[in-house]
Amino acid sequence: MKKREKVENVMTKDVQTVNITNSLKQANDLFNKYHIRHIPVVSGDKLIGILSQTDILRISFGNTFGEEQTGSDEAIFDMLSINQVMKHSPETVSPDDTIKDAAEVFSKREFHALPVVKNEKLVGIITTTDIINYFIEQF
């Protein structure tokens, strides 16, 4: 196993993003379309926050009422903005940090994705799943 493997070697580089002018419905559509659980919120290339699928589930009815809740969820999405729901100024890692560095952050915190930033520009995202997959490949 490579002990100094860098984040840039396992991160997702083609990251789906939103900005604060997008709607929560648009963000939710991205979660569903791309089967992802975290979306960085950007202004240009600069990271300003992160939105998780869990954030959306906290404000919606989830799947409580089946198909009938769609209208209720959309009403909630219309009442709130991404800026109100996202995590502002999330913790980040650099592409030059090691996978061990990122794993240590995950082990001490209650989140599962870290935006990867270089020179204040979003360049990727690394998740706990990326790290688990890396470890699986090593064995």
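Author: Let's begin with Ser60, which sits in the loop between helix H2 (53-59) and helix H3 (70-79). One thing to keep in mind as we go is that this is a predicted model.

Reader: Thanks! Is Ser60 buried or exposed?

Author: Ser60 is buried, because its relative accessibility is 14% and the cut-off for buried is under 20%.

Reader: And what does Ser60 touch, apart from residues up to four places away in sequence?

Author: Ser60 touches Asp73, Ile76 and Phe77.

Reader: Let's change topic. Where is Leu30?

Author: Leu30 is in helix H1, residues 24-34. With a relative accessible area of 17%, Leu30 is buried.

Reader: Which residues is Leu30 in contact with, leaving aside its neighbours within four places in sequence?

Author: Those contacts are Gln16, Thr17, Val18, His35, Ile36 and Ile39.

Reader: How far is Leu30 from Gln53?

Author: In sequence they are 23 residues apart, and in space their C-alpha atoms are 10.0 Å apart.

Reader: Good to know. What about sheets, what is the order of the strands in the open sheet of three?

Author: The order is E1-E2-E3, and the pairing is antiparallel. Strand E1 (38-43) and strand E3 (87-88) are the edge strands, each pairing on one side only.

Reader: What holds strands together in a sheet, in general?

Author: Strands of a sheet pair through backbone hydrogen bonds, in either a parallel or an antiparallel way.

Reader: And how many bridges are there between E1 and E2?

Author: There are six bridges in the antiparallel pairing of E1 with strand E2, residues 46-52. As one spot to look at, Val42 stands opposite Leu47 in E2.

Reader: Now the helices. Which residues of H5 are buried?

Author: In helix H5 (residues 99-108), the buried residues are Ile99, Ala102, Val105 and Phe106. Looking down the axis of H5, you would see these residues fall within an arc of 125°, so they line one face of the helix.

Reader: What's on the face turned away from that buried side?

Author: That face of H5 carries the exposed residues Lys100, Ser107 and Lys108.

Reader: And what covers the buried residues of H5?

Author: The cover includes strand E4 (113-118), strand E5 (121-127) and helix H6 (128-138).

Reader: Let's follow that to H6, then. Which of its residues are buried?

Author: Thr128, Asp130, Ile131 and Tyr134 are the buried residues of H6. They are on the same side of H6, because they cover an arc of only 160° around the axis. Over on the other side of H6, Ile136 and Glu137 are exposed.

Reader: What do the buried residues of H6 pack against?

Author: They pack against H5 and E5.

Reader: New topic: how many salt bridges are there in the whole structure?

Author: A search of the whole structure finds six salt bridges. One of the pairs to look at is Asp45 with Lys121, where the closest N and O atoms are 4.0 Å apart. Asp45 lies in the loop between E1 and E2 and Lys121 in strand E5, so the pair ties together parts that are 76 residues apart in sequence.

Reader: How accessible are Asp45 and Lys121?

Author: Asp45 is partly exposed at 49% relative accessibility. Lys121 is partly exposed too, with 40%.

Reader: Which residue does Arg58 form a salt bridge with?

Author: Arg58 forms one with Asp55, and the closest N and O atoms are 3.1 Å apart. Both residues are in helix H2, three residues apart, which is about one turn of the helix. Arg58 is exposed, with a relative accessible area of 64%, whereas Asp55 is buried, with 13%.

Terms used:
Residues numbered from 1 in each chain as written. Predicted model: local features only at pLDDT ≥ 70, side-chain atom pairs only at ≥ 80, totals over all residues. Heavy atoms only, no water. Pairing = 2+ DSSP bridges. Helix = DSSP H or I, 4+ residues; strand = E, 2+ residues; numbered from the N terminus. Buried < 20%, exposed > 50% of the residue type's maximum accessible area, 1.4 Å probe, protein only. Arc of directions from axis to C-beta. Contact = heavy atoms within 4.5 Å. Salt bridge = Lys/Arg side-chain N within 4 Å of Asp/Glu carboxyl O.
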